[in-house]
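Here is a short briefing on one protein model. Please read it with the structure open.

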Amino acid sequence: MVRVAKPALALRSFVRYYVHLEGRLSTPVVMLPVPARTAAGLEFVFGDPFEAWSGDLASHETVHAMTVIGAQTYRRVQLALQGHVENFLIMFQPGGLSRLFSVPADALTNQHFEAGAVLGRSVERLRSRLGESSSFAERIRAADRYLLRRPVVRTWHRGVTAAAGLLLRSRGTLRISSMADSAGLSVRQFERRFVSEIGVSPRLYARVARFEMALESKLRSPGVRWVDIAHDLGYHDQMHMVHDFQELSGSAPTDVAPRVELFTAIEIGGAGPRAEAAALERR
């Protein structure tokens, strides 16, 4: 069972949505590849421990009880789920996690860490409150209360954050020079600030945003051909899209879409990054 909900209105420029994932697996182990994604997240595990395997399955580790996860630019890990699965996730808007916790976004990209070591011990108190909650609604209220008390970093550049939101809404098609002009920065300044505040370069962020949208389009309309999705999203041709999929997920579109359906369904359930990104422009 997957449930998705929006945060309190005052948090929507920082948090995309909350996710509750729960169920008992009927098979011993389910391997779930984690593709590239624009959102950073904070995950709390309340069910059976599970493992994160490297993309080539050469090494693995047990996932922490609470983990902070940066934006991903390729299929770095695969999750080996088993038994009783019960996770609560906070998925952040571009720069949202860094603005709330004063952590450089680029230090988290393609990484995951034990959350308390990076975000502070107060996250342990949040985990306790979440664990004591008897419903998804109670967990949402606990997360809202905790995040609303966080001091917001004021040195963030509003134009850069707004540009990241616009990239999501535009399917990654905006020109960097135009976004830099709108932010009142030179292209070099804009690119440097974007990496620091969002975690990746604007060009790579745009590629991942378009990749996410391609997966979302296929799940929403399974009958649509990949070639039509490629055309609609502005790829030069279908092979250009296939190349992006291989770099960002490790597989061709027809192979990866069914395997990452859970992540795409969560995006749709949370109204998708583009539907929420408008909040960034109002902050």
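**Helix packing, core and a buried helix**

In H8, Arg207, Val208, Arg210, Phe211, Ala214 and Leu215 make contact with His240, Asp244, Phe245, Glu247, Leu248 and Ser249 of H10. The model is predicted.

**H8 against H10**

- By type, the residues of this contact split into 6 nonpolar, 2 polar and 4 charged.
- Helix H8 spans residues 202–220, and helix H10 spans residues 238–249.
- Their axes come within 10 Å and cross at roughly 105°.
- Angles of 65 to 115 degrees count as roughly perpendicular, so H8 and H10 are roughly perpendicular to each other.

**Largest nonpolar core**

- The largest nonpolar core has 29 residues.
- Tyr18, Leu42, Phe44, Ile90, Phe101, Val123 and Leu147 touch the most other members.
- Strands E2 (15–24), E4 (41–45), E7 (66–69) and E9 (84–92) are among the elements that each supply at least two residues of this core.
- Helices H1 (96–101), H2 (115–119), H3 (122–132) and H4 (136–148) also supply at least two each.
- H4 gives the largest share, 6 residues.
- In soluble globular proteins, nonpolar side chains tend to be buried together.

**Helix H5**

- H5 covers residues 158–169, 12 residues in total.
- From first C-alpha to last, H5 reaches 17 Å, close to the 16 Å expected at 1.5 Å a residue.
- Of the 12 residues of H5, 9 are buried, so the helix is largely enclosed by the rest of the structure.
- The buried residues are Gly159, Val160, Thr161, Ala162, Ala163, Ala164, Gly165, Leu167 and Leu168.
- Arg171 follows H5 and has a positive phi, near 65°.

Technical notes: Residues are numbered from 1 along each chain as its sequence is written. This is a predicted model: local features need pLDDT of at least 70, side-chain atom pairs count only at pLDDT 80 or more; totals for chains, interfaces and linings use all residues. Side-chain values use heavy atoms; hydrogens and water are left out. Helices (H or I, at least four residues) and strands (E, at least two) are DSSP runs, numbered from the N terminus. The expected span of a helix is 1.5 Å times one less than its number of residues. Buried means under 20% relative accessible area, exposed over 50%, partly exposed in between (1.4 Å probe, protein chains only). A nonpolar core is a set of buried Ala, Val, Leu, Ile, Met, Phe, Trp, Tyr and Cys residues joined through side-chain atoms within 4.5 Å. Axes are lines fitted to C-alpha atoms, for helices over the stretch in contact, and angles run from 0 to 180 degrees between N-to-C directions. Angles under 35 degrees count as roughly parallel, over 145 as roughly antiparallel, 65 to 115 as roughly perpendicular and the rest as oblique. Contact means heavy atoms within 4.5 Å. Ala, Val, Leu, Ile, Met, Phe, Trp, Tyr, Cys and Pro count as nonpolar, Asp, Glu, Lys and Arg as charged, and the others, Gly among them, as polar.
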